[in-house]
Amino acid sequence: MTDINLQEVHDFMIEIARKVGERITSATPTTGAAGSKKNSVDLVTETDQAVEKIISTSLREKYPDFSFMGEETYKPKDKLTGAPTFILDPIDGTTNFVHRHPYVAISLGLAINLTPTIGIVYNPFTQTLYSAIKGHGAYLTQYLLTPQNSPQKLPLYPPTPLETLNTCLVAVEWGSDRSGNDFAVKSNTFAKLAEAKEKDGGMVHGLRSLGSAALNLCAVASGDIDLYWEAGCWAWDVCAGWVILSEAGGLMVDANPGNWSPRVDERRYLAVRGGEGQKELVEEFWGLVQGRFEVGI
Ligand code: IPD
């Protein structure tokens, strides 16, 4: 297992994502028998399930020794181990997909020793690909826009220093839990982030809730969003984007204050773009979090 050719695995992951992308763009998003999972806002479509099946079959054929974890086939008893593991969200942004809002991605990561090592995030509607191998940089390929499909290194522009929160654009997500402690932590923190400085708020430039954790992480990696804060999402939402974020100079910490080294399956995340002043900005953000998330604990 130590002699894994990461470049070859990376190229194969991209090949599958590109191929299966057409299955997503040509689909009519029907929820069929599946419909929703935990509650009426936790959606799943027949396309999520079909895409996971196609990708997992190809990966298992080509890499029979690797483990696999996918959103649509995950069982609560499944635990991530240190073995090389493909971690897949076949459609990250299912709610967007159902509403035909094209902020949707295949999120395919490879974790080795529980460390996100390869990341592929592909939006088939815009044909935008983010990809990274640990230690080798992060790249953006815009198949519809870039001549010869040449990848551009991320971030696209040299990062400006990170200043205080009130200069930042912040991504947050409501997720599917709509009551209880964690819902209160989210909604109270959203208000605190937006609130005026003279009320001890963050007075951030804006809060964005775009509906795909993987693409949010890529936006932070690219530098067009400064921070992304969420709790409740899963390893398959973040594994791929995490590699892209780190390789672009970004930092991932816990959404709850105090933990600088979350696990890939921690379920609570705060991502900060590259640039001087990351740690100070994390401390400032943590100082505004209203309570503590229980998810993942
Ligand atoms: C969801 C999206 C959403 C995030 C949720 C995820 P899905 O993934 O990433 O942005 O808020 O926590 O579960 O369900 O569309 O694959």
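**Close-ups of a two-domain model**

**View 1. No salt bridges turn up where the domains meet.** Look across the interface of domain 1 and domain 2 in this predicted model and the rule finds zero salt bridges. Polar contacts are another story: 10 residue pairs make them across the interface of domain 1 and domain 2, with both partners at pLDDT 80 or more. On the domain 1 side, strands S1 (67–70), S2, S3, S4 and S5 (128–133) each put in at least two of the residues that touch domain 2. S4 gives the most to that side, with seven residues.

View 2. Domain 1 runs over 6–153 and domain 2 over 165–286. Their centres, taken over C-alpha atoms, sit 21 Å apart, and the contact draws on 40 residues from domain 1 and 26 residues from domain 2. About 2400 Å² is buried between them, with 68% of that coming from carbon and sulfur atoms.

**View 3. Ile55 and Phe86 have the most contacts inside the largest nonpolar core**. This core counts 30 residues. Helices H1 (6–25) and H2 (46–62) each give two or more of them, as do strands S2 (85–92), S3 (105–112) and S4 (115–123). H1 has the largest share, eight residues. Zoom in on Ile55 and, leaving aside neighbours within four places in sequence, you'll find Ile55 in contact with Ile16, Val20, Leu88, Ile106 and Leu108.

**View 4. There's a second, separate core**. This one has 25 residues, among them Leu165, Val185, Val253 and Leu281.

How values were computed:
Residues numbered from 1 in each chain as written. Predicted model: local features only at pLDDT ≥ 70, side-chain atom pairs only at ≥ 80, totals over all residues. Heavy atoms only, no water. Core = buried A, V, L, I, M, F, W, Y, C linked by side-chain atoms within 4.5 Å. Buried < 20%, exposed > 50% of the residue type's maximum accessible area, 1.4 Å probe, protein only. Helix = DSSP H or I, 4+ residues; strand = E, 2+ residues; numbered from the N terminus. Contact = heavy atoms within 4.5 Å. Domains from an automatic or database assignment. Buried area = accessible area lost by both parts, 1.4 Å probe. Salt bridge = Lys/Arg side-chain N within 4 Å of Asp/Glu carboxyl O. Polar contact = N/O pair within 3.5 Å; in protein donor to acceptor, adjacent residues only side chain to side chain.
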